[in-house]
Amino acid sequence: GGGGHAGKGGSGDYTPEVPGGISYGISYLQPSAGSGGGQAPAYTPTTTDLGSGGGVVYIKASVAITVSGTVSASGKEGKDIIQGECTGGGAGGTILLQSPHLTGTGFLVSNGGNGGHGGG
């Protein structure tokens, strides 16, 4: 299943179903990294096989912050391993911007990663 963070992680598409990770962290001013995705039930993956959780972007400024591009703390996707076995995607992390004024037309993105084929 997929990693949880501010919400429950997605369930894996496997029989029996592999549950997603539980939610954790406090959504109000509590920067924390996203957890990694779960492993395939019949496979012991290496750390590069699991979907890594998103990191933390924390910017505290006494002047305006202008976001012109994309600021991302998204989790990575899981992988297909062997014969239908796959790993879950990582949970999104945290983006916290503290400023007297926020401007720009950019994007703040903290999505969870997709699971491998049939994963959470």
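Is N114 buried or exposed? At 56% relative accessibility, N114 counts as exposed, where buried means under 20% relative accessible area, exposed over 50%, and partly exposed in between, with a 1.4 Å probe and protein chains only. N114 sits in the segment after β6, the strand that covers residues 107-109. Its C-alpha atom is 8.5 Å from that of G75, a residue 39 positions away along the chain.

Before we go on, a word on the model. It is a predicted one, in which local features need pLDDT of at least 70 and side-chain atom pairs count only at pLDDT 80 or more, while totals for chains, interfaces and linings use all residues. Residues are numbered from 1 along each chain as its sequence is written, and side-chain values use heavy atoms, with hydrogens and water left out.

Now to the overall layout. The chain has six strands and zero helices, giving the pattern β-β-β-β-β-β along the sequence. Both kinds of element are DSSP runs numbered from the N terminus: helices are H or I with at least four residues, and strands are E with at least two. Of the 120 residues, 32% count as buried. The chain exposes about 7000 Å², and 54% of that comes from carbon and sulfur atoms; these areas come from the Shrake-Rupley method with a 1.4 Å probe, and for residues only the protein chains shown count as cover. Among contacts with a separation of 6 or more, 62% join residues 24 or more positions apart, a contact being heavy atoms within 4.5 Å.

I59 counts as partly exposed because its relative accessibility is 36%. Leaving aside neighbours within four places in sequence, I59 is in contact with I65, L96, L97 and Q98. The C-alpha atoms of I59 and L97 are 4.9 Å apart, although 38 residues separate them along the chain. K60 also belongs to β1, and K60 is exposed because its relative accessible area is 65%. From K60 to Q98 the C-alpha distance is 4.6 Å, again across 38 residues of sequence.

Beyond its neighbours within four places in sequence, V57 touches V71, S72, A73, T94, I95 and L96.

Finally, find S74 in the loop between β3 (70-72) and β4 (94-98). The S74 side chain reaches the backbone nitrogen of N111 at 3.0 Å. Apart from neighbours within four places in sequence, S74 is in contact with G54, G92, V109, S110 and N111. The C-alpha atoms of S74 and I95, 21 residues apart along the chain, are separated by 9.6 Å.

Terms used:
Polar contact = N/O pair within 3.5 Å; in protein donor to acceptor, adjacent residues only side chain to side chain.
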